[in-house]
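Work through the following exercises with the sequence and the model in view. Each task is followed by a solution in steps.

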Amino acid sequence: MAAIPLTQTGPEDGGNFEFQWQGPYLNAHILTDVGRKRQRNEDSCAICAPEEKAKSDTFGRLFAVADGMGGVHGGEFASRLALNTIVETYFDGPGGNIPSRLRDAVHAANRRIYEEAEHNPNY
């Protein structure tokens, strides 16, 4: 996989997370909150803005959110795995137009989460 320099997911410690990104024509802000019912925030979010001009021109920027399943074993892991897989597949997967790349990326994430749950009884 080629390096995608700007990918923000968070937070590893399960707390609140805030990140701001500014591109030439777009500002984005990520803000997560644990809330009042849970001890940990299992949600993940990603902003991917390739610095490689050709990749950026072809695929644009990718913004994604994955819900962490609210306390289910492995929810935090699953949300991170989903986003990492989506980013990898979208930017570095086989050809296709943007809608088909997004569809393929979501299908790949679903497969990886399912396979991980099948092979790891903790999840």
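**Exercise 1. Contacts of alanine 109**

Task: Find which residues alanine 109 is in contact with, leaving aside its neighbours within four places in sequence.

Solution. Take contact as heavy atoms within 4.5 Å. With the neighbours within four places in sequence set aside, alanine 109 is in contact with Ala82, Thr85 and Ile86. Finally, compare sequence with space: alanine 109 and leucine 83 are 26 residues apart in sequence, and their C-alpha atoms are 7.4 Å apart.

A note on the source: this is a predicted model, in which local features need pLDDT of at least 70 and side-chain atom pairs count only at pLDDT 80 or more, while totals for chains, interfaces and linings use all residues. Residues are numbered from 1 along each chain as its sequence is written, and side-chain values use heavy atoms, with hydrogens and water left out.

**Exercise 2. The overall layout**

Task: State in what order the elements run from the N terminus on.

Solution. Count the elements: the protein has three helices and four strands. Read from the N terminus, their order is β-β-β-α-β-α-α. For burial, 41% of the 123 residues are buried. For contacts between residues at least 6 apart in sequence, 55% join residues at least 24 apart.

**Exercise 3. Helix α3**

Task: Describe the span of α3, its buried residues and its start.

Solution. Helix α3 covers residues 98–119, 22 residues in total. From first C-alpha to last it reaches 31 Å, close to the 32 Å expected at 1.5 Å a residue; the expected span is 1.5 Å times one less than the number of residues. Its buried residues are Ser100, Arg101, Ala105, Ala108 and Ala109. Their cover includes α1 (53–59) and α2 (75–92). At the start of the helix, a side-chain oxygen of asparagine 97 comes to within 2.9 Å of the backbone nitrogen of serine 100.

**Exercise 4. The pair α2 and α3**

Task: Give the angle and handedness of the crossing of α2 and α3.

Solution. Two packed helices are described by the angle between their axes and the distance between the axes. The axes of α2 and α3 come within 8 Å and cross at roughly 145°; axes are lines fitted to C-alpha atoms over the stretch in contact, and angles run from 0 to 180 degrees between N-to-C directions. The crossing is right-handed. Residues making this contact include Ala82, Thr85 and Ile86 of α2 and Ala105, Ala109 and Arg112 of α3. As for α2 itself, 14 of its 18 residues are buried, so α2 is largely enclosed by the rest of the structure.

Terms used. Helices (H or I, at least four residues) and strands (E, at least two) are DSSP runs, numbered from the N terminus. Buried means under 20% relative accessible area, exposed over 50%, partly exposed in between (1.4 Å probe, protein chains only). A polar contact is a pair of N or O atoms within 3.5 Å; within protein, one must be able to donate a hydrogen and the other to accept it, and residues adjacent in sequence count only if both atoms are side-chain atoms. A crossing is left-handed if the near helix is turned anticlockwise from the far one by less than a right angle, and right-handed if clockwise.
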